[in-house]
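I opened my notebook to look at charged side chains and at how the strands line up. Here is what I jotted down.

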Amino acid sequence: MAENLTADVHDVVIIGSGPAGYTAAIYASRANLNPVLFTSSVEAGGELMNTTDVENYPGFPEGIMGPELMSHFEAQARRFGTDVQYEDVTDLDLTAEPKRITLANGTVHQARAVILATGSQYRELGLPGESALMGKGVSWCATCDGFFFRDQPLAVVGGGDSAMEEALFLTKFASKVYVIHRRDELRASKIMAERGLANEKIEFIWNSEVTAINGDAKVESVDLHNVVDDTTSTLDVNGVFIAIGSDPRTDLVQGQLDINEVDGTIVVQEPSTKTKISGVFAAGDVVDGKYRQAITAAGMGAKAAIDVEDYLV
């Protein structure tokens, strides 16, 4: 597709629309930087769009649904003048001056500064049947797909908070939920672990890993391997929900920015959000390999916008 260069050079372009991206937009808008935010056409709002009850974000004592929280973020960013565009960024030239941001439709935007808030993507098991049965019983989002499995047995793979959230939500629909975890205890926070262990619809399969997902037109079963006694078994389920973590979305900046070899995050000059390239900043889960919370991502988004304001002065 032919390049279509826009006429204006933006003060700042923000790539990504989770808590980090939207918070950066709010702060940048209020600083009169006229930010343009590219949300992605299909994954706007980040991982919270796939989350049920958010109970630990300050200001919502009764909790709030993830998608509703993100709609508040977006509305606040728009209120102060952020140009929110549901477009996919396909290429970046961060060494150019000004920076060049290419969209899927061929349009090229230019910016004096860029904030990367691309977040993370769900981790796959990499097993036989996983890709072929995606959308046919294999899912990474209980809130998206749980309704389709009413009165059916389901499996959740993982042992952290995300896995417990998925399993607890699925009990609203499933006849039974099996939580498959390769260890003998959960990694989830105490409150989430207690809720999962107390739920009569949830059965835990400890010290086990899924080795294959079986089925033709839809998921019919999973093969299991016990890592302690080396035995194998087959579990009949109609759906598999994978909750084993996520990986930072850094594809756009490979070869341009430094990437942490341990956790795959973009390296920044802490405590700031500056990267090794002048005028390029990063915030949220694409930087944070430890905390990965909405509140910490939002905090980093605020820092990034303030760093940009200082840079552009």
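**Entry 1: a pair within a helix.** I started with helix H2 (residues 66–79), where I found both Glu74 and Arg78, four residues apart, or about one turn of the helix. I kept in mind that this is a predicted model. The two side chains, Glu74 and Arg78, meet in a salt bridge, 2.9 Å from N to O. Which of the two is buried? Glu74 is, because its relative accessible area is 15%, under the 20% cut-off. Arg78 comes out as partly exposed, at 38%.

**Entry 2: the other salt bridges.** I looked up the total and got eight salt bridges in the structure. One of them joins Asp11 and Arg112, with the closest N and O atoms 3.1 Å apart. This pair links distant parts of the chain: Asp11 sits in strand E1 and Arg112 in strand E8, 101 residues apart. Arg112 is partly exposed, at 37% relative accessibility.

I then checked Lys99, which forms a salt bridge with Glu97; their closest N and O atoms are 2.7 Å apart. Lys99 is buried, with a relative accessible area of 0%, whereas Glu97 is exposed at 56%.

**Entry 3: what E1 pairs with.** Back to strand E1 (residues 4–15): I saw that E1 pairs in the parallel sense with strand E8 (residues 107–116), over eight bridges. Val9 stands opposite Gln110 in E8. E1 also runs parallel to strand E2 (residues 36–38), joined by three bridges. There, Ile14 has Leu37 in E2 as its bridge partner.

**Entry 4: an open sheet.** Next I traced an open sheet of five strands, in the order E10-E17-E11-E12-E13, with parallel pairing. Which strands are at the edges? They are E10 (138–139) and E13 (202–205), each pairing on one side only. E10 pairs with strand E17 (residues 239–242) over two bridges, and Ser139 stands opposite Phe241 in E17. I noted that helix H4 (residues 161–170) packs on this sheet, touching E11, E12, E13 and E17. The direction of H4 makes about 170 degrees with that of E11.

**Entry 5: an Asp with no salt bridge.** Last, I went to helix H6 (residues 294–312) for Asp307. Asp307 is buried, yet has no salt bridge. What does the Asp307 side chain make a polar contact with? I found the side chain of Thr273, at 2.7 Å. Leaving aside neighbours within four places in sequence, Asp307 is in contact with Ser272, Thr273, Lys274 and Phe281.

Key:
Residues numbered from 1 in each chain as written. Predicted model: local features only at pLDDT ≥ 70, side-chain atom pairs only at ≥ 80, totals over all residues. Heavy atoms only, no water. Buried < 20%, exposed > 50% of the residue type's maximum accessible area, 1.4 Å probe, protein only. Lys, Arg positive; Asp, Glu negative; His and termini not counted. Salt bridge = Lys/Arg side-chain N within 4 Å of Asp/Glu carboxyl O. Polar contact = N/O pair within 3.5 Å; in protein donor to acceptor, adjacent residues only side chain to side chain. Contact = heavy atoms within 4.5 Å. Pairing = 2+ DSSP bridges. Axes fitted to C-alpha atoms, helices over the stretch in contact; angles between N-to-C directions.
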